[in-house]
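Subject: Structure handover

Hello,

Here is the structure for your work. Please open it alongside this note.

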Amino acid sequence: MKSVKSIQKITKAMKMVAASKLRAIQTRAEKSRGLWQPFTALLGDTPSVDVKKSVIVTVSSDKGLCGGINSTSVKTSKALFKLTSGPDKEAKYVVVGEKAKAQLIRDSRKHIGISITELQKNPLNYTQVSLFHFLPPNIVGEATFFLFV
């Protein structure tokens with residue numbers, strides 16, 4: 001009976017800690033809305049210019065247990081691909097990370113322009129980070145979308 005009461009006290013304390021952490025994260029998220037809302041109001045969610053060629057840069061992890069983040073990044077990039085591609089438009093993926101590559105290669109193999117993996121083993125330097133430096137000329141588009149989820 002004494003051990004049950006002790007476990008209940010520990011559980012109650014853990015719930016209180018989790019609730020306070022959640023409140024802090026919610027507050028930070030609400031405060032950050034002021035940073036991105038003016039940009040989406042000014043620029044919109046998708047470009048209003050009609051472009052013929054666009055590049056979607058999808059960023060994910062190479063390994064680890066963040067499946068929800070990786071799948072959200074891939075789902076968002078697929079939806080953006082549907083918006084930016086069509087009969088007279090061309091869209092390509094630039095995939096950074098093994099998890100997104102594995103998901104996109106199943107049904108979008110021919111639309112992947114370049115894939116960059118294992119960055120934790122071979123970190124990029126400043127010159128390589130410049131997107132247009134390591135993109136072949138046939139992949140560079142008129143509009144580039146970056147997806148960091």
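Below is what was found, from the whole chain down to single residues.

First, the ground rules. This is a predicted model, in which local features need pLDDT of at least 70, side-chain atom pairs count only at pLDDT 80 or more, and totals for chains, interfaces and linings use all residues. Residues are numbered from 1 along each chain as its sequence is written, and side-chain values use heavy atoms, with hydrogens and water left out.

**Overall**

The protein has five helices and four strands. Helices (H or I, at least four residues) and strands (E, at least two) are DSSP runs, numbered from the N terminus. Read from the N terminus, the order is α-β-α-β-α-β-α-α-β.

Of the 149 residues, 25% are buried. Buried means under 20% relative accessible area, exposed means over 50%, and partly exposed lies in between (1.4 Å probe, protein chains only).

Contact means heavy atoms within 4.5 Å. Among contacts in the protein with a separation of 6 or more, 67% join residues 24 or more positions apart.

**Helix 2 and helix 3**

Two packed helices are described by the angle between their axes and the distance between the axes. Here helix 2 spans residues 67–84 and helix 3 spans residues 98–108. Their axes come within 9 Å and cross at roughly 40 degrees. Axes are lines fitted to C-alpha atoms, for helices over the stretch in contact, and angles run from 0 to 180 degrees between N-to-C directions. Helix 2 and helix 3 are therefore oblique to each other. The cut-offs: under 35 degrees is roughly parallel, over 145 roughly antiparallel, 65 to 115 roughly perpendicular, and the rest oblique.

The crossing of helix 2 and helix 3 is right-handed. Helix 2 brings Asn70, Ser71, Val74, Ser77 and Lys78 to the contact, and helix 3 brings Lys99, Ala100, Gln103, Leu104 and Asp107. By class, that makes three nonpolar, four polar and three charged residues. Nonpolar covers Ala, Val, Leu, Ile, Met, Phe, Trp, Tyr, Cys and Pro; charged covers Asp, Glu, Lys and Arg; the others, Gly among them, are polar.

**Single residues**

- Serine 73 sits in helix 2. Its relative accessible area is 1%, so serine 73 is buried. Lysine 99 is 26 residues away in sequence and 10.0 Å away, C-alpha to C-alpha.
- Lysine 75 is also in helix 2. At 61% relative accessible area, lysine 75 is exposed. Its C-alpha lies 9.4 Å from that of leucine 104, 29 residues apart in sequence.
- Valine 57 belongs to strand 1 (residues 53–59). Valine 57 is buried, at 4% relative accessibility. The C-alpha atoms of valine 57 and tyrosine 93 are 5.9 Å apart, across 36 residues of chain.
- Arginine 109 is in the loop between helix 3 and strand 3 (112–116). Arginine 109 is exposed, at 57% relative accessibility.

Best regards

Technical notes: A crossing is left-handed if the near helix is turned anticlockwise from the far one by less than a right angle, and right-handed if clockwise.
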